[in-house]
Amino acid sequence: MSQSKTRLHGIQYIGKDAHLLAEERQSNGMILHSHDYFELEILLEGNGRMGLNFRQYELTAGSVYFLTPADFHEVFLSGESRLWNISFDGSILQAHQLENLFSRNNAFRQVAPEVLRKLDAASKLLSEEMDPI
């Protein structure tokens with residue numbers, strides 16, 4: 001991991017009066033950073049690697065990772081990759097849920113194609129719910 005660290009803030013990324021943002025986007029990665037909000041990313045297409053708290057993970061379609069405000073991570077993707085990024089602040093969670101999230105040991109998973117299709121569909125519904133026409 002690189003040495004300089006950027007801190008991203010929910011008020012700038014999610015929005016001043018919002019608590020959750022779900023967006024499908026293309027990306028080629030992100031430099032080492034952390035945020036003051038939670039983040040779930042679902043890699044739909046592409047591959048690369050991620051550094052998370054000084055551990056390295058290989059990323060392929062179906063890689064899913066969950067990040068807390070205590071995590072530092074960087075992502076390097078080969079070419080343009082497509083992913084869901086779901087960001088939210090802790091205000092939408094109860095105290096015991098927050099405690100469970102911070103006590104997790106492994107925030108990285110690789111899911112099967114049928115699970116990836118379901119996560120893609122659920123993320124799309126969430127995005128549409130948050131941004132009605």
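Helices (H or I, at least four residues) and strands (E, at least two residues) are runs assigned by DSSP, with numbering that starts at the N terminus. The structure is a predicted model, in which local features need pLDDT of at least 70, side-chain atom pairs count only at pLDDT 80 or more, and totals for chains, interfaces and linings use all residues. Residues are numbered from 1 along each chain as its sequence is written, and side-chain values use heavy atoms, with hydrogens and water left out.

**Overall make-up**

The protein has three helices and eight strands. From the N terminus on, these elements follow the order β-α-β-β-β-β-β-β-α-β-α. Of the 133 residues in the protein, 37% are buried; here buried means under 20% relative accessible area, exposed means over 50%, and partly exposed is in between (1.4 Å probe, protein chains only). The protein exposes about 7,900 Å², and carbon and sulfur atoms supply 53% of that area. Accessible areas come from the Shrake-Rupley method with a 1.4 Å probe, and for residues only the protein chains shown count as cover.

A contact is a case of heavy atoms within 4.5 Å. Among the contacts with a separation of 6 or more, 78% are between residues 24 or more positions apart.

**Strand E4 and its partners**

Two strands pair if DSSP finds at least two bridges between them. Strand E4 pairs with E5 in the antiparallel sense over six bridges, and with strand E7 (residues 73–88) in the antiparallel sense over five bridges. Gly 51 stands opposite Gln 56 in E5, and its bridge partner in E7 is Glu 74.

E4 and E5 form a hairpin with two residues between them. Asn 53 is in the loop between strand E4 (47–52) and strand E5 (55–60), and Phe 54 is placed in the loop between E4 and E5 as well. Most residues other than glycine have a negative phi. In Asn 53, phi is positive, near 50°; in Phe 54, phi is also positive, near 70°.

| Residue | Relative accessible area | Class |
|---|---|---|
| Asn 53 | 32% | partly exposed |
| Phe 54 | 66% | exposed |
| Ala 112 | 31% | partly exposed |
| Ser 63 | 0% | buried |

Ala 112 is in the loop between strand E8 (108–110) and helix H3 (113–130). Its C-alpha is 6.6 Å from that of Gly 62, although the two are 50 residues apart in sequence.

Ser 63 belongs to strand E6 (residues 63–67). Leaving aside neighbours within four places in sequence, Ser 63 is in contact with Glu 41, Ile 42, Leu 43, Glu 58, Phe 108, Arg 109 and Gln 110.

**Nonpolar cores**

A nonpolar core is a set of buried Ala, Val, Leu, Ile, Met, Phe, Trp, Tyr and Cys residues joined through side-chain atoms within 4.5 Å. The largest has 13 residues, of which Phe 38, Ile 42, Leu 44, Phe 66, Ile 86, Phe 88 and Leu 116 touch the most other members. Strand E2 (20–35), strand E3 (38–45), E6 and E7 each supply at least two residues of this core. Apart from this core lies another, of 12 residues, among them Tyr 65, Val 75, Leu 83 and Ala 107.

Beyond four places in sequence, the contacts of Ile 42 include Ser 63, Val 64, Trp 84, Ile 86, Leu 116 and Leu 119.
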